[in-house]
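Dear colleague,

I am handing over the structure we spoke about, with the sequence alongside. Please look through it first, and then read the notes that follow.

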Amino acid sequence: MKKYFFVFAVSWFLCFQVFSQTEAAAAFENENASQPAEIKTEKEAGSGEAEIKENVEIKKNPEASGEPENSEETEEEEPEEKPEIEKKRPKKQDEEKISQLDEQFPDTRKENAETLKYGMEEDIIGLLNDLVKNEDVRFTDEVYDLFYVTKNVAVREKILEYFTKLEDPCLEDFALEILEDPYDQKKSTVDAVFKYVQSVKTKAAVKPVLNLLESEDENYFLNSLTTIGEIGGPKEAVFLTEYLEREDLPLAQKQQLVKVLGKIKAVETYDTLSEMAQDEDENTFVRMYAAESIGAMEKPEAVEILIKLYEDSDPKLRCSVVKGLSNFKDDEEARKTILEAIRDSHVTVRLEAIEACKKNDCKEAVPYLIYRLEKDKEDAVKKKCYPAIAFLNTKEGNEYLVKLITDKKTADTPKSRVAQALLEYNHAGTEEIISLAQETLKDDRRKPLRYALGKEFAKYKRDEFAPICNEYLASKDTATQGTGLDIFAKGRYSQSLPAVRQIILDAAKNPLKKNANAEKAKKILGSSDSAVKEAEKITEEQLEKLDKKAGSAKPSAAAKTSTSAKPATTTTDAK
């Protein structure tokens, strides 16, 4: 029974297997029947893959196919390179100015060029400070090349300051690049760039600066406003007008905005600014800048408003009112108010009024200024009056100032201030000032005035200063003689040249003694000067003499030693 059962089970299993295979074959045929185009033999599939591979190889190497290369496709794959835009170079400098600088600073060409090329940070920055101070244009190319080579941020910022001083637009490309994306730069660098574009009036900077304004980044907002005030125009004024209507504008930004609108003469905002200036509930500084701005716009109707505002009790506002009125030179009422402000109770208002009189060449102010010189208790006001009177150049004013120079009762400090003012504008008093200097050269108790006057003579190149230059050079006082060298360095007076050379030659005769004025004179004349060359020979000769003298002194000492030892030997022999 078990045998039959086992046979039956095996038979059933085999039948089940056959049935399953039959069902699978049927399903496979049905699937292939629905996609006849995709059925390929293994051989066909292999040949197809080879064909695809061959096509890929042909695309990679068109020459292998023997077919001509598609030039259009090649041009798309290898785009034409854009030519590199040449950077701006520094503008050509005035040859006459270069010659004057070479004369004023001889023997500095090579030294300064080497410092820029090989010097350390502190050396380069020190030199750049001197170049900025002297407006030295001889090294613009070297400084420019250094800008694009150095990785030192401090040096780069100092170079920006240098070209800002010269108002040279050679770094505009760099400036624009920074303003378009300042966020990864040091704030000091961005600040330097703002000052640079303000100085050279880079109109192309308007767009990126406006973008920074719109970003409302506090780090750049105020500088952006100030820059727009320097380089912007009517279009920018309309853009900035919208900001005035914002209630969320911070006070500091609002103050600066009001100030800038006046600077770019945004007359579209006149009514709004006028209301701000007259609004007693408005912030004081906003009112101040609004008053200045409506004055800067020079609209005649602003005069009446400003005169009324001058009655305000706040001296800061009155000060801004005077500044605003100074834009109306030919308006009689405006001038009267400015004259009234010269005797204002607050010192800052008086100072602003004096400056306004000078700005508008208000000669009728001279009596007021003289009175302030004699009566005002504030020294700052007196200091402001001297140059204002000298500038206005009236008979009354000039005579008054010259009298201060010659009057024995006038102290030396005001004499120094008067001399400074008269020499600056050169309308009167030069002869009297030279006589005063001669008096101080004879009296060592008045050395401070002597030095102060000499400093003023050294500012200007005027032939009438040659005789007094000689007298300073002839002084036995080291500081006085040094001041004389400063006067000569500026004027290069031919009749003073022998005295300068003599200082060098006299010092050469005593090479072991340091002589600061002789070294200073050498720098002024330069190594190519005949006296400098002669002094070098004299110094060498003197040093040789000293060496020989020192050499002859040594054998003499040895001889004395030998002589003193000889009797001892004789005594021993005798014994």
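Helices in these notes are DSSP runs of H or I with at least four residues, numbered from the N terminus. The model is a predicted one, and in that model Thr 337 has its place in helix H19, which covers residues 332-341.

For the chain as a whole, the secondary structure comprises 31 helices and zero strands. The protein chain has 575 residues, of which 41% are buried, and it exposes about 35,300 Å², with carbon and sulfur atoms supplying 50% of that area. Among the contacts with a separation of 6 or more, 66% are accounted for by residues 24 or more positions apart.

Thr 337 counts as buried because its relative accessibility is 10%, and buried means under 20%. Leaving aside residues up to four places away in sequence, Thr 337 touches Ile 307, Tyr 310 and Leu 325.

Glu 177, by contrast, counts as exposed, because its relative accessibility is 55% and the cut-off for exposed is over 50%.

Definitions and conventions. Residues numbered from 1 in each chain as written. Predicted model: local features only at pLDDT ≥ 70, side-chain atom pairs only at ≥ 80, totals over all residues. Heavy atoms only, no water. Buried < 20%, exposed > 50% of the residue type's maximum accessible area, 1.4 Å probe, protein only. Helix = DSSP H or I, 4+ residues; strand = E, 2+ residues; numbered from the N terminus. Contact = heavy atoms within 4.5 Å. Areas by Shrake-Rupley, 256 points an atom, 1.4 Å probe, with all protein chains shown as cover.
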